[in-house]
There are 2 protein chains.
Amino acid sequence: MAMEQVPVSLPFVGGKKATFQHPLGPLTANEISETARLVKGLWPSNTNIQFKTITLQEPDKAELVPFLAAEHAGQQTPAIERKSFVVYYIRNTDKLHEAIVNLSLDKIEHNVRLGPFVHSNADGEEIIAVEKIALEDAGVQAEIAKLQLPEGTVIISDPWIYGSDGINDGLFVDEKRMFQCFLYVRDPNNSGEVDSNHYAMPLSISPVVSAETLKVTRIDILPTGVDNTIKEPTPYKVQPANEYIPEAHNLRTDLKPLNVVQPEGASFQVTNFSEQGHAVTWQKWEFKVGFNFREGMVLYDVHYAGRPLFYRLSLSDMNIPYADPRHPYHKKAAFDLGDAGAGIMANNLQLGCDCLGSIHYLSAVLNDDKGEPLQMPNCICIHEQDGGIGWKHTNYRTGRAAVVRNRELVLQSIITVSNYEYILAFQFNQAGEITYEVRATGILSTQPIDEGISVPWGTVVHPGVLAAFHQHIFSLRVDPMLDGHHNRLVYDEAHPMPRSDFNPHGIGYTVTETPVTTAGGYDLDVDVNRTFKIQNASVKNPINGKSVAYKIHVPPFQKMLADKESFHHKRAEFADHNIYVTSHKDGELYAGGKYTNQSRGGTGVRSWADRKDNVLDAEPVVWVQFGINHIPRIEDFPVMPCEIIKVSLKPVNFFDKNPAIDVPPSEQSFNKSVLASMNHAQEAGEAVIGQNGEVCCVKESSKL
Amino acid sequence: MAMEQVPVSLPFVGGKKATFQHPLGPLTANEISETARLVKGLWPSNTNIQFKTITLQEPDKAELVPFLAAEHAGQQTPAIERKSFVVYYIRNTDKLHEAIVNLSLDKIEHNVRLGPFVHSNADGEEIIAVEKIALEDAGVQAEIAKLQLPEGTVIISDPWIYGSDGINDGLFVDEKRMFQCFLYVRDPNNSGEVDSNHYAMPLSISPVVSAETLKVTRIDILPTGVDNTIKEPTPYKVQPANEYIPEAHNLRTDLKPLNVVQPEGASFQVTNFSEQGHAVTWQKWEFKVGFNFREGMVLYDVHYAGRPLFYRLSLSDMNIPYADPRHPYHKKAAFDLGDAGAGIMANNLQLGCDCLGSIHYLSAVLNDDKGEPLQMPNCICIHEQDGGIGWKHTNYRTGRAAVVRNRELVLQSIITVSNYEYILAFQFNQAGEITYEVRATGILSTQPIDEGISVPWGTVVHPGVLAAFHQHIFSLRVDPMLDGHHNRLVYDEAHPMPRSDFNPHGIGYTVTETPVTTAGGYDLDVDVNRTFKIQNASVKNPINGKSVAYKIHVPPFQKMLADKESFHHKRAEFADHNIYVTSHKDGELYAGGKYTNQSRGGTGVRSWADRKDNVLDAEPVVWVQFGINHIPRIEDFPVMPCEIIKVSLKPVNFFDKNPAIDVPPSEQSFNKSVLASMNHAQEAGEAVIGQNGEVCCVKESSKL
């Protein structure tokens, strides 16, 4: 990456110092404003700066670890300078810069121009502008006219990140940072409905807009047949609508309310460890919650019963490559975190809609394109949920059952990335386990298809509407500190014992444990039950002498289908292995690299792993990949039922027994369940509750 | 299997005809008694019969399908004779019989002696008797004396199914049907505690008891070292206890109640379709619920929105082979359904303990060893649960979110098989999906191990206690009727397109669909995203012309590790493939065969598949295998946190859009969530709720 240095030794420009903030506290509104002011001060006063990111520059681990150690010990914490990280353009140019601002010293520490092949994420203002530019363009309007749409029809433009195919990317003026706009119409029979599902009515006209000149540079006509033939737009045939808004449906009337009630309040506590940083304690867990533009929720300094577990946990990246090989679809491969941002795309969650029960909301502050603070209300919800039975045993001799329920604490954030939604949640339980859950929902990215045909890279989900196959590949970044910072990654495998005098019946099997010594990409192998664990080899379980560990439960997935020479593969550096392990290096946070928009590869976890660093008992970072190959069903339209993927981190010989053994028993006096009042055919009131909450008898009627 | 015919043409013995029961209705108490009376009538009056099973003989599919068709059409249903199926021994002999009793005609239709290598399941009375016999045996007591246990120490005997290794099984008098008893002590320091966890104190003495003579035939001394050396029992060292009962723990005090409240009652309806059969309707679903000795819950005749989906669904079998190759552990391979019975082992569920919310319980009636009806109260609980968000989309232009919650209907049964528990549940949702969930919990099967050593086939979970590795392999039987009875099994695979002029960037991929024509075992292949679907090729989706289908979401698992020549492998005929498909044949219900106790293989799904029947557009039965290789952690002791496995059946181009699109929106007026009252440091009361339930602002305090 070529860098053009600009002078950073600026005169002190004054302004009051930021008030003390914890080194992990997200930037405050004041700090954001102060950062923008300092960056603007680098340039002549008439310079129009387009701010992309103004976020916390997290302290180096070498600085932060002693700070946190002192904090936990109740000692005086060392001073750490407060810094912000900034990405910005000189507006309407390709002049992309990244800067580090020392807020403690009120000065710019670092400011470089990036490029030529580096591009920043899109921002909300820009997307709205690009939508409009595409629709106002005379050339685009001339193409649309060929469709002979009914009067009053509303056209919608969805700008997409342009993607990369290595052909001319960024080399020519008109191939620099671009948006590919996909056009749709709202149901012409219901044009006034602003929430009509335009994805059911895609058009074949696709303008390309320059993010620099803010002009249409090209108009692609999309292929709509079985091959890559391009046909001139012809008069549009209006198909039936396919709406998702409730008023378009005869809603079910037989669903009765189900309320979650916590009469004594919730069991968790939330405090602020800084103005924008939240500390959560619940059921022996304690951790800090941050929130940034790109990753959304970040968990820091996760402890259980006072023992350190994880230094930092976050969703690091995701990539969604599509299967349609035809221009311009071949470039569709979204990095929703790097190209857009899981933080900035977070929904404003609503009570009683997005979570159930006793909910606590966290809000955040990010930045807009002017460098002003942007309030992100209710972008995380925190609540408890009942996770079913946690453990149970009945002594069949005495009939006594011991049973506890599995209470879970959920931190949830929901992001909307244009057509699509992800519901992202960290879930903690009472058995020392953390689960990261992704629910994929929202609307398929659709494209027009001629009637009566099918293609083997997509599913027709509505007349004239194709949903191309695509993969969702996620990378969860796990920076561990199990009983300390020197950890190792190992994997267990189960193998049959060979037949021998010792195993004469051929049934024996053993488990071998193999330490991973070198940074690299590693894979699951279900046939040998390969299971990765993060261990502290210097801390042994007091009962069985095994190294304390957490294992990684992650479902296998089909790796990226695009071939190794493709730009999809080069760019999504995490998409080819279930597990990557690298040696910790400050700033290596995003598996696909810091700048994913029109990226060309070489800047993510695969490249870092290629350093072949020693990771044994060093400070490994473990990158856990998971995903789905989404072969759309018609049932996924107009909005798809959630598809759920879970990754769990579970203790293995870390504690000395089931950590949930001290959970109070599940009892009626606590849970207050009731007998369901059945249909009217049923004779009610005949159930008798015994001493221990058991139902002695329930009489049922017969309809025969 | 050799069969010895006994006369079945008996004189009519009178007694009133059973009242009419639906052909799928489980046997009534009267029918059980009547069956026993008829069977006893076959034999001289002083014959002591040990009844193992008295259960419904389900009608042949050829008879039942027209019956159900008429029933759904509201037409007169054809008469179907009511029959029961019986397995019994002449008590204290090896004379095992199976019989079919025609209850409509009050006569025995079929009665054969089975053997010599066929053995029935254990029953509760027998197990209690065997426990006692082992402990009262003078030879066993002499061995126990060598342990020099403290006065008052209580010994516990856990009889296990003997297993098979092919050596002398059933050939000699003293090698017929046997129990292997594993002995434990209750904590000698707390001998009065009847619910003390004896699994934390295993002994090395293991008596073998004949189920026929009810005598100890052999006393095994268990190996306790790193090899198979057998050491004479020596004085027992009392280790600390490891209890699971709540009074043994300082319970957490910071967990606040979480109640599930349905102020208007539950949304489902339960009626009786026969005296013991229950019909459930909920959210467009309707199905019948049966319950039997072996499978526990069985679902029949499952419809969604009036369309037929599944003819019969049940857990068909499970096998738990252990990894320790040493005698007698090498024979440990439990078939919990065939050796014991998921029905007869079902817990009596308690309100507020095993389910949360508005609960409806189903009870059942099975038989005891005398042929008397045995009441099984509350063996199934039915309730609704909130499954999180069902689907969501936010229009980023208008900010309007459409969101529904995923309400689920759960039918749950919990079984205790000696030390271990399984929580088994069918879950239905509003998107036309069925999930079968297994939660594995309970106590590990433990064995003694010398202090200070470790072995590679087990984990030390407590001082002196080894939990051997083992696999849990389940088989879910799916008998489909998607829009009719002629269905097919197909599998999809995703493959990269080769590079070509059509795919110049190497990113394209396609999905191929392959029909399965022949019965056999088939496997998942994550690397090609192989996904099995059940299809009706004669019914096409009206929008996209694809065959209507349901796909099978099942996680891959490590197949049985025991080698192909081993008796473990021969017996667990389902344990070697993810999917089996067979042509429907009446009576083929249990993947491991009808009689699993000390079985020798050749009688299960692998054998049926070997007929190589055509299954294309015939009436296929699909057997879905799943499981875990349980490498115990110390955290799994004394009772393990639930390990959850899910198998889902999801529509694929079966409907014409998301079936849950008509679920009413998730709204605060319906859900009645509240803002959590946080810790006292927090200033409460500052949150304002807006018009749509959104939280306008929540002020948070700072603790800095």
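This is a predicted model: local features need pLDDT of at least 70, side-chain atom pairs count only at pLDDT 80 or more; totals for chains, interfaces and linings use all residues.
**Nonpolar cores**
- The largest nonpolar core holds 126 residues, and F428(B) and I552(B) touch the most other members.
- There is also a second, separate core of 124 residues, with F291(A), M376(A), V438(A) and I634(A) among them.
- As a general background, nonpolar side chains tend to be buried together in soluble globular proteins.

**Disulfide in chain A**
- Over all chains, the count comes to 2 disulfides.
- One of them pairs C355(A) with C381(A), with the sulfur atoms 2.2 Å apart.
- C355(A) sits in the loop between α5 (336-340) and β17 (358-367) of chain A, and C381(A) is in strand β18 (residues 373-394), so the bond ties together parts that are 26 residues apart in sequence.
- C355(A) has a relative accessible area of 0%, so it counts as buried.
- C381(A) is likewise buried, at 0% relative accessibility.

**Disulfide in chain B**
- C355(B) and C381(B) are joined by a disulfide, S to S 2.2 Å.
- This pair links distant parts of the chain, 26 residues apart: C355(B) is in the loop between α5 (336-340) and β17 (358-367) of chain B, and C381(B) is in strand β18 (residues 373-394).
- Both C355(B) and C381(B) are buried.

**Other cysteines in chain B**
- C181(B) is buried, with a relative accessible area of 0%.
- C642(B) is in no disulfide, and the nearest cysteine sulfur, that of C355(B), is 13 Å away.
- C642(B) has 10% relative accessibility, so it counts as buried.

Definitions and conventions:
Residues are numbered from 1 along each chain as its sequence is written. Chains are lettered from A and ligands numbered from 1 in the order in which they are written. Side-chain values use heavy atoms; hydrogens and water are left out. A nonpolar core is a set of buried Ala, Val, Leu, Ile, Met, Phe, Trp, Tyr and Cys residues joined through side-chain atoms within 4.5 Å. Buried means under 20% relative accessible area, exposed over 50%, partly exposed in between (1.4 Å probe, protein chains only). A disulfide is a pair of cysteine sulfur atoms within 2.5 Å. Helices (H or I, at least four residues) and strands (E, at least two) are DSSP runs, numbered from the N terminus.
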